[in-house]
Amino acid sequence: MTGILVIYFSIIGMLVGAVGMILSKNIIKKILSLGIVETSINLMYTGISARGGIIPPIIGGDFSNAVYADPIPQAVIITGIVISFALLCLSLVFAIIIYNKYHTMNVETIEMIFEREEK
Amino acid sequence: MKIVGIIALITIFMIVLFSFDPFGSIPEPIEQILNRVNVPNIVTSVYLETRLYDTIFEIIVFTITALGVASLFASLPVNSDEGQQVFGTVTVYSGSLAALSITLFLYVVINGHISPGGGFVGGVVLATGVVTYGLTSSFRRASLHHEIFKVEMLENVSLMVIFAFSCFIVIFPEAHAQILSKAGFGSVFSGGLIPMMNILIGIKVYAGAWKMSSEFINRQGTL
């Protein structure tokens with residue numbers, strides 16, 4: 001039951017992050033929204049793995065299959081965590097480079113500067 | 001245009017929400033993996049044994065990111081850290097925090113296959129300790145260890161050895177299964193090549209994370 005609730009909350013989190021990415025004009029806020037989406041996806045995988053049971057899959061003494069969380073989604077999301085970290089790092093570097101070139105973080109201002117440069 | 005985008009987004013999420021079946025069948029693979037790998041932490045045995053290809057490419061992605069951050073920042077000027085302001089109490093605590101993080105790194109990395117932890121977690125723990133020390137005490141002293149311990153060379157060597165071990169596990173899975181089944185279940189030496197892989201991944205992740213954070217601190221002048 002906990003797992004299913006977590007999955008629904010994570011879908012709401014993804015929606016919030018995606019709307020934030022569309023609506024915000026500041027590049028840093030866009031990157032933060034992307035971080036919210038990625039965290040929600042990690043949460044969703046954790047919820048998927050907790051559907052069968054919520055005990056961490058570290059086998060101690062006696063073994064019973066039903067109570068442990070599913071280890072496969074947890075192992076898969078490690079890849080997702082590393083890739084989201086890499087994405088955030090590189091997008092922050094690009095944000096810094098854009099700020100040093102145009103001295104603003106506002107996307108609309110940057111677009112105006114682009115149009116002026118093209119003319 | 002934005003409204004159209006938001007409506008499309010909400011529609012897609014509604015479709016996902018209503019087509020999602022939370023009570024679908026749950027696979028029960030734990031027993032098979034446990035019999036095959038013979039390591040208590042099933043998540044470690046999945047990402048370092050049965051899904052090893054994933055981990056190899058993950059490490060490649062991490063390396064390329066560290067390289068990309070360093071090469072993209074190369075065009076920006078370096079800020080000098082001569083005027084770093086510190087508080088006395090924080091300096092004392094950050095030194096002990098760095099020592100604690102080194103101990104925790106060793107524990108997490110060596111016991112990664114019998115308790116929660118692993119290479120990625122250990123590397124991030126160590127990098128956090130050292131970066132905190134650099135930010136609160138002396139960034140110059142924190143970056144000195146990079147030359148003293150030859151971290152760059154260590155990083156490249158560990159990358160090569162990780163590839164070699166991965167190739168061994170992928171090409172000769174039976175030989176590795178024999179190594180795994182020899183020691184007793186749950187002891188530190190029962191992991192075969194898995195603890196060594198964890199140590200090397202920890203060093204790799206630490207070196208990459210330290211390189212990226214020090215680039216951010218150096219070029220942006222957060223001190």
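Reply: Start with a cut-off: a residue counts as buried if 20 or more other C-beta atoms lie within 10 Å of its own, and as exposed if 12 or fewer do. Keep in mind that this is a predicted model.

Now take helix 4 of chain B, residues 52–73. This helix has 22 residues. From its first C-alpha to its last it reaches 32 Å, close to the 32 Å expected at 1.5 Å a residue.

Which residues of helix 4 of chain B are buried? They are Thr55(B), Glu58(B), Ile59(B), Phe62(B), Thr65(B), Ala66(B) and Val69(B). They lie on the same side of helix 4 of chain B, because they cover an arc of only 115° around the axis. An α-helix has 3.6 residues a turn, so residues three or four places apart point the same way.

Turn to the face away from that buried side. There, helix 4 of chain B carries the exposed residues Tyr53(B), Ile60(B), Leu67(B) and Ser71(B).

What covers the buried residues? The cover includes helix 3 (42–50), helix 8 (151–171) and helix 10 (194–220) of chain B. It also includes helix 3 (71–102) of chain A.

The contact takes 32 residues from chain A and 36 residues from chain B. On the side of chain A that touches chain B, helix 3 of chain A gives the largest share, 15 residues. The residues of that side divide into 25 nonpolar, five polar and two charged.

Conventions
Residues numbered from 1 in each chain as written. Chains lettered and ligands numbered in written order. Predicted model: local features only at pLDDT ≥ 70, side-chain atom pairs only at ≥ 80, totals over all residues. Helix = DSSP H or I, 4+ residues; strand = E, 2+ residues; numbered from the N terminus. Expected span 1.5 Å × (residues − 1). Arc of directions from axis to C-beta. Contact = placed C-beta atoms within 7 Å. Nonpolar A, V, L, I, M, F, W, Y, C, P; charged D, E, K, R; others polar.
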